[in-house]
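User: I have a protein model open and would like to go through one site in it. Can we do this in questions and answers?

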Amino acid sequence: MLVTGKDILVPARAGKYGVGAFNTNNMEITQAIIHTAERLRSPVMVQMSEGAIKYGGQDLANIVIDLAQRATVPVALHLDHGSSYESALKAIKMGFTSVMIDASHHPFEENIHETRRVVEAAHAMGISVEAELGRLGGIEEHVVVDEKDAFLTDPQEAVQFVEQTGTDYLAIAIGTSHGAYKGKGRPFIDHERIEKIEQLLSIPLVAHGSSGVPAEIVQRFRDSGGEIGDAFGIADEDLQRATQHGIAKVNVDTDLRLAMTVGVREVLKATPKEFDPRKVFGPAREVMSQIIEHKMRVLGSVGKA
Ligand SMILES: O=C(COP(=O)(O)O)N(O)CCCCO
Ligand code: NA
Ligand SMILES: [Zn+2]
């Protein structure tokens with residue numbers, strides 16, 4: 001069933017488990033996410049970035065909405081990294097049941113102002129809101145934020161921010177970053193910071209940049225002709241610990257991008273004569289499903305629906 005983000009994340013925080021928020025860009029990724037959630041009896045969030053909306057528009061949103069409505073587990077459709085009030089409202093008009101307004105690269109007061117505007121409008125329409133405070137490393141879509149500018153979320157500021165905006169859940173910067181290169185080796189996750197924020201805030205917390213970039217998928221990517229450097233993601237243990245301390249929404253995009261591409265590359269390499277799109281794109285669903293299953297088991301959301 002199609003539900004709001006709050007319907008999924010409030011029980012997750014209370015139950016001390018994480019729910020995967022997986023990015024989609026096409027039908028096959030959407031099927032892998034929702035069918036795996038049904039198979040494992042797990043709630044799930046499907047998210048589209050502004051880039052995905054540019055790529056697939058209402059066509060793609062409708063695929064997600066239809067699968068979500070027919071799903072036997074709770075599914076929310078979430079706008080990832082909404083960059084403006086207009087973008088958030090447009091997504092709500094498209095049928096999204098959860099929207100992020102990411103004004104984290106603006107000064108604190110402006111972030112509050114922008115976020116509060118979206119919260120008022122979204123709540124008037126029964127839609128949940130995610131906001132962000134602090135700055136991840138890595139490439140945050142429109143904003144290249146390198147190490148020196150990335151700054152972690154201040155717990156006291158977070159309390160003030162949530163009080164003044166009314167956001168339903170909060171993305172915090174605690175050492176993760178977007179993309180396949182999250183650190184030279186295992187990225188540092190500031191668990192003390194997460195646990196301080198957990199004690200001060202009762203709303204669900206969100207971890208961005210939570211792909212694990214599993215070595216096995218990276219190797220398959222190389223073996224099938226892909227080129228990738230020294231890629232590292234967040235360790236399962238770090239994610240597991242974070243879900244015991246308030247992290248309820250866990251964003252994953254890179255892992256599915258790698259899995260989809262590995263699925264396609266392996267088919268093209270193994271069967272050069274193949275040109276049936278169903279044979280080229282279909283097997284990737286199985287590769288993605290295995291990645292999604294692993295994540296749901298690490299987060300503890302299996303059997304929670
Ligand atoms: O936090 C994430 C996902 O992060 P990750 O790159 O670790 O999958 N997202 O918000 C997805 C969009 C960012 C580009 O990947
Ligand atoms: Na998001
Ligand atoms: Zn993100």
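This is a predicted model: local features need pLDDT of at least 70, side-chain atom pairs count only at pLDDT 80 or more; totals for chains, interfaces and linings use all residues.

User: In which element is the place of Asp-80, the residue where UniProt puts the feature "active site"?

Analyst: The UniProt entry that places "active site" at Asp-80 is unreviewed. The element that holds Asp-80 covers residues 75-82. That element is strand S3.

User: Is Asp-80 buried or exposed?

Analyst: A residue counts as buried when its relative accessible area is under 20%. Asp-80 has 6% relative accessibility, so Asp-80 counts as buried.

User: Which residue has a side chain joined to that of Asp-80 by a polar contact of 3.2 Å?

Analyst: Beyond its neighbours within four places in sequence, Asp-80 is in contact with several residues, including Gln-47, Met-100, His-208 and Asn-23. The polar contact of 3.2 Å runs between side chains, and the partner of Asp-80 in it is Asn-23.

User: Which residues coordinate the zinc ion (ligand 3)?

Analyst: The spacing of the donor residues in sequence is H-x96-H-x29-H. The donor atoms are NE2, NE2 and ND1, at 2.0 to 2.1 Å from the zinc ion (ligand 3). In the order of those atoms, the residues are His-81, His-178 and His-208.

User: How many residues apart in sequence are the parts that His-81 and His-208 tie together?

Analyst: Both of these histidines, His-81 and His-208, are buried. His-81 lies in strand S3, while His-208 lies in the loop between strand S9 (205-207) and helix H8 (215-223), so the parts that the pair ties together are apart in sequence by 127 residues.

User: What distance separates a polar side-chain atom of Ser-211 from an oxygen atom of ligand 1?

Analyst: Ser-211 is one of the residues that come nearest to ligand 1, among the 14 around it. Asp-80 also has a polar side-chain atom by an oxygen atom of ligand 1, at 2.7 Å. For the polar side-chain atom of Ser-211, the distance is 2.6 Å.

User: How much of the accessible area of ligand 1 does the protein cover?

Analyst: On its own, ligand 1 has 380 Å² of accessible area. Two elements give two or more residues to the shell around ligand 1, S3 and strand S10 (247-252). The share of the area of ligand 1 that the protein covers is 96%.

User: Is Lys-295 buried or exposed?

Analyst: The place of Lys-295 is in helix H12 (residues 284-299). Its contacts outside the sequence neighbours include Ser-211 and Asp-255. With a relative accessibility of 3%, Lys-295 counts as buried.

Conventions. Residues are numbered from 1 along each chain as its sequence is written. Chains are lettered from A and ligands numbered from 1 in the order in which they are written. Side-chain values use heavy atoms; hydrogens and water are left out. UniProt positions are given in the numbering used here, feature names are shortened, and annotations may be inferred rather than shown by experiment. Helices (H or I, at least four residues) and strands (E, at least two) are DSSP runs, numbered from the N terminus. Buried means under 20% relative accessible area, exposed over 50%, partly exposed in between (1.4 Å probe, protein chains only). Contact means heavy atoms within 4.5 Å. A polar contact is a pair of N or O atoms within 3.5 Å; within protein, one must be able to donate a hydrogen and the other to accept it, and residues adjacent in sequence count only if both atoms are side-chain atoms. Donors are N, O and S atoms within 2.8 Å of the metal (3.2 Å for Na, K and Ca); water is not among the atoms, so sites may look incomplete. A residue is near a molecule or strand if one of its heavy atoms lies within 4 Å of it. Accessible areas come from the Shrake-Rupley method with a 1.4 Å probe; for residues, only the protein chains shown count as cover.
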